[in-house]
Amino acid sequence: MSDAPPREPLVLVVDDDAGSRRAMALTLTTDGRRVEEFGDADSALSRAIDDPSVGLVVTDLKMPGKTGIELATDLAAARPDVSVLLVTAFGDVDTLLKAKDLGTVDYVAKPVGRDDLRLRASAALGRARQAGEIKQLRERLDKRYGFEAIVGVSAVMERVFDVLRKVAPTKMNVLITGESGTGKELVANALHHNSPRRPRAFVALNCGAIPREIIESELFGHEKGAFTGALVKRMGRIEQAHGGTLFLDEVSEMPPDLQVKFLRVLEERRVTPVGGNDSKESDFRLVSATNRDLKKEIEAGRFRQDLYYRIKGVVVDLPPLRERREDLALLAERFREVFAREHDRPVTGFTSAALSALVQYPWPGNVREMKSAIEWAVFSAAGPRIEVADLPPDVKGDAEGEGSGEEARAESAGYGSSSPILIGKTMAEIEKEAILIALQASGGNRRKAAERLDIGLRTLQRKLKEYRGGVGGDDGEDEADDDGPES
Ligand SMILES: Nc1ncnc2c1ncn2[C@@H]1O[C@H](COP(=O)(O)OP(=O)(O)OP(=O)(O)O)[C@@H](O)[C@H]1O
Ligand SMILES: [Mg+2]
């Protein structure tokens, strides 16, 4: 439907004087352009609201009923993507000033010259087209982040959708729970993109992925010189999320002292950067996610109860895939389509044996695991349909009658939960990651990072240079840059 060729925009000419209205309409009816005439503002306005193909409204100023300026103002509210051309008497400064405030408004001076009118109409339609393109882009974003992006037909997912639809437009805090890979981040995005905060930032912070030494300044920001290494003032994520949504992923991993500080921000709705004295108003919608049982974390003394009550306004619990088997085939089909397109592979479906293997597998890694399994299968498939043999080893498991499925499954589940960072990576990649993490944990201080890793400073510098592709400043200079006040 949205892929249909865009129609040539429709132009509306509005003037109570039939003679001049006719003349303008005739002038504009060039190159087969569609033009309609209206004798008053209100009937033109309702036409523009009803017909999305309206791209330009050319209007006289003085008319019985609504004036041209009032029409332009109403259009700016109802159809901001429509351009307006005001026909004004020369020197009507007041009108021009008002018109300037309405972004998509231009004017032609009376008496209206034909070329002038055509030229300005074309320019205005260009603007309307741009606005239309922005609208299309927005729709594409909606497809990616809107509720449409979340696949699910099972009863449990229907209940999830119900809650999401109700809660998304509000400012309520939302806590998303569920096992790893169940779609928590996807849901957090959808909440933001279906809220009035959509034009503002969606700011995510993964409390489990950031070294505790720097998480505080990430969240709250810091003043210049707040601590060693704070060479410049930095804006925190809370401040970045002002007017928008703050997504705290793996919220259970927030260090206890920060939990206290963050609770205060939630209560006072103000934030103070590390090393600063002045607090700033902060208006964000909080969405948190965790794959842990927060009640157990509270019992174990790792998570504050008062913070828990504060962040859990509404709880959205995403069920694991094994509890919504009705969704499996649909998800598999969605991912097949996505990856066939993305990798340009002519894979159009599944054999029924492959589909039944997919349905039987318990999916310990949930949707994420399924997504990568289907990507693998799309690559492996030799024919148009994905066969059992094309599935990853642990998924096809018993279906191929090897009897090793259970083992492979247990093994992959074990790896998946204990060391997700290492699996599937080469030694060189693991080394690189270790170096970058150490560097981050040392606030960018190379000497400290080298000490942590128990390697020489020179070695660390050489590796970093390799990662940058062997180019960049010489070592000595780098060192002075990064170690700053300490070297
Ligand atoms: N219902 C769904 N429909 C379509 N895609 C989904 C769905 N659920 C999850 N996905 C996809 O699966 C992948 C994993 O989802 P996501 O990252 O949101 O999971 P998560 O719950 O945040 O996992 P973790 O706890 O490991 O961070 C993403 O690529 C996401 O787009
Ligand atoms: Mg996640």
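Two exercises with worked solutions follow.

This is a predicted model, in which local features need pLDDT of at least 70, side-chain atom pairs count only at pLDDT 80 or more, and totals for chains, interfaces and linings use all residues. Residues are numbered from 1 along each chain as its sequence is written, while chains are lettered from A and ligands numbered from 1 in the order in which they are written.

**Exercise 1.** Find the order of the strands in the open sheet, and say which strands stand at its edges.

*Solution.* Start with the terms: strands (E, at least two residues) and helices (H or I, at least four) are DSSP runs numbered from the N terminus, and two strands pair if DSSP finds at least two bridges between them.
- The 5 strands run in the order 2-1-3-4-5, with parallel pairing.
- Strand 2 (35-38) and strand 5 (105-109) each have a single partner strand, so one side of each lacks a neighbour in the sheet; these are the edges.
- Look at one pair: strand 1 (residues 10-14) joins strand 2 in the parallel sense over 4 bridges. Here Val 14 stands opposite Phe 38 of strand 2.

**Exercise 2.** Describe how helix 13 and helix 14 pack.

*Solution.* Two packed helices are described by the angle and the distance between their axes.
- Helix 13 (residues 328-342) and helix 14 (residues 352-360) pack at about 120°, their axes 10 Å apart. Axes are lines fitted to C-alpha atoms over the stretch in contact, and angles run from 0 to 180 degrees between N-to-C directions.
- In contact (C-beta atoms, placed from the backbone, within 7 Å) are Leu 328, Ala 329 and Ala 332 of helix 13 with Leu 355, Leu 358 and Val 359 of helix 14.

Methods: Two residues are in contact if their C-beta atoms, placed from the backbone, lie within 7 Å.
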